[in-house]
Amino acid sequence: MWNISGGPQLSNEEFINLRNFIKEKCGIFFDENSKYILEKRLSSRLVDLKIESFKEYLFFLKFDKRREEELLLIYDILTTNETYFFREEYQLKAFSDEILPEILSKKGDSKSLRIWSAGCSTGEEAYTIAMILYNKKDIMENYKINIFASDISQRCLKIAREGVYGQNSFRGEKDDYKNIFFTLTEDKKYRIKDEIKRLVSFGHLNLLDKRQIAMLPSMDIVFCRNVLIYFDNESRKIVIDNFYNKLTNGGFLLLGHAESLINVSTAFIMRHLKNDLVYQKP
Ligand SMILES: C[S@@+](CC[C@H](N)C(=O)[O-])C[C@H]1O[C@@H](n2cnc3c(N)ncnc32)[C@H](O)[C@@H]1O
C-alpha cells in the first residue's frame, strides 16, 4: 500500500511493531499521534533500499547483515537534535555557583572533575560547560577536568567534533562569550577555540547500553537535558538507573526543565537550590 505522497504506507500493525523495535533499541517512543511522522521520516530509507513495505523494512532492520549500519542511519533520522549554547541559564547558574563549589569542597585529595553531557547533540551543551569552567581560574589550575559528551547520532557527533556553528546555536540572552571563545570563519560561522575544545571529548554511546556505560569512569555531574522527554517510562528507568550507578556519592544529575524523576526513580534526593531544582545521589 502506498501513501498519498507516493511512498509506502505504514499500516497500524507495522507501526506498532516498528515503534516497539525502535523503543527497545534506543528508548525513543512514538505514540499513536506520531505514526505519520515515523512514516514520513523513514520512507526515504525504503526508497533508497528499494524496499516496498515497512514490514519488509522491519525484517531488514532485524536480520539483514547491514542492520547495524542501518540502525545508525535511522538514529540520525529519528532523533530530535535541537540545542544551543547556554540553554536554560538559571540551571547553568546553579551549576556554576552552587553545585561546583559543593562538589569541590568534598573532593579531598582527588583533583579530578568529571562531567558527562549525556545526549549532547551537536556539542553546544558540552562546550557551554567547558566555557563556564574555563572562566574559573582556581578550578583550571588545580583540577584535571574531563568533560565527556556522548550522543547516539553520528551525524551530530561529527558536527560537535568540528566545533563550527551558525547563528542558530546562539539563542541565549547574553552572547558576549561569542567574541571570546570563538573565531569567525570566512563564511561567517563561529569556530570554537582550541582551549575550550580540548576540555571536551566526544563519544558515540547509546544511553540504554549498560555494557558501554559500564566502561565509563565514575562522574561527578551528569547533564541529561531534553533527552528523556522523547523516551517511554520503561526506557527512562533504565537510563536513570545507569546514571545512578555512574555518579559518585553526592554527585548531581541535571535534567531539562520539562523533565523530572516523578514515576521514574526515588533513588535521588531532590535539592532545592537557589537557582534551580536538581537531583543528587545520596
Ligand atoms: C534535544 S537534544 C538535547 C541536546 C542537549 N542536551 C540540550 O539540552 O540542548 C536530544 C539528544 O539526545 C540524543 N539521544 C536520543 N536518544 C539517545 C540514546 N538512546 N542514547 C544517546 N543519545 C540519545 C539525540 O540524538 C539528541 O541529539
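Helix 1 and helix 2 are roughly perpendicular to each other, a term that covers angles of 65 to 115 degrees, whereas angles under 35 count as roughly parallel, those over 145 as roughly antiparallel and the rest as oblique. This is a predicted model in which local features need pLDDT of at least 70 and side-chain atom pairs count only at pLDDT 80 or more, while totals for chains, interfaces and linings use all residues. Residues are numbered from 1 along each chain as its sequence is written, and side-chain values use heavy atoms, with hydrogens and water left out.

**Helix 1 with helix 2**

Select these two helices, where helices (H or I, at least four residues) and strands (E, at least two) are DSSP runs numbered from the N terminus. They pack at an angle of about 80°, with their axes 11 Å apart; axes are lines fitted to C-alpha atoms, for helices over the stretch in contact, and angles run from 0 to 180 degrees between N-to-C directions. Asn12, Phe15, Leu18, Arg19 and Ile22 of helix 1 meet Lys35, Leu38 and Leu42 of helix 2, contact meaning heavy atoms within 4.5 Å. The residues of this contact divide into 5 nonpolar, 1 polar and 2 charged, where Ala, Val, Leu, Ile, Met, Phe, Trp, Tyr, Cys and Pro count as nonpolar, Asp, Glu, Lys and Arg as charged, and the others, Gly among them, as polar.

**Helix 1 with helix 3**

To inspect the contact, show Glu14, Asn17, Leu18 and Phe21 in helix 1, which meet Phe54, Lys55, Leu58, Leu61 and Lys62 in helix 3. By class, this contact has 5 nonpolar, 1 polar and 3 charged residues.

**Helix 1 with helix 4**

Next select helix 4 (residues 67-78), whose axis comes within 12 Å of the axis of helix 1, with a crossing of roughly 95°. Helix 1 and helix 4 are therefore roughly perpendicular to each other. Phe21, Ile22, Lys25 and Cys26 of helix 1 make the contact with Leu71, Tyr75 and Leu78 of helix 4. Its residues comprise 6 nonpolar, no polar and 1 charged.

**Around Pro282**

Now move to Pro282, which is placed in the segment after strand 10 (277-280). Its C-alpha atom is separated by 8.0 Å from that of Ala267, 15 residues apart along the chain. Leaving aside neighbours within four places in sequence, Pro282 is in contact with Tyr244, Asn249, Gly250, Ala267, Phe268 and Ile269.
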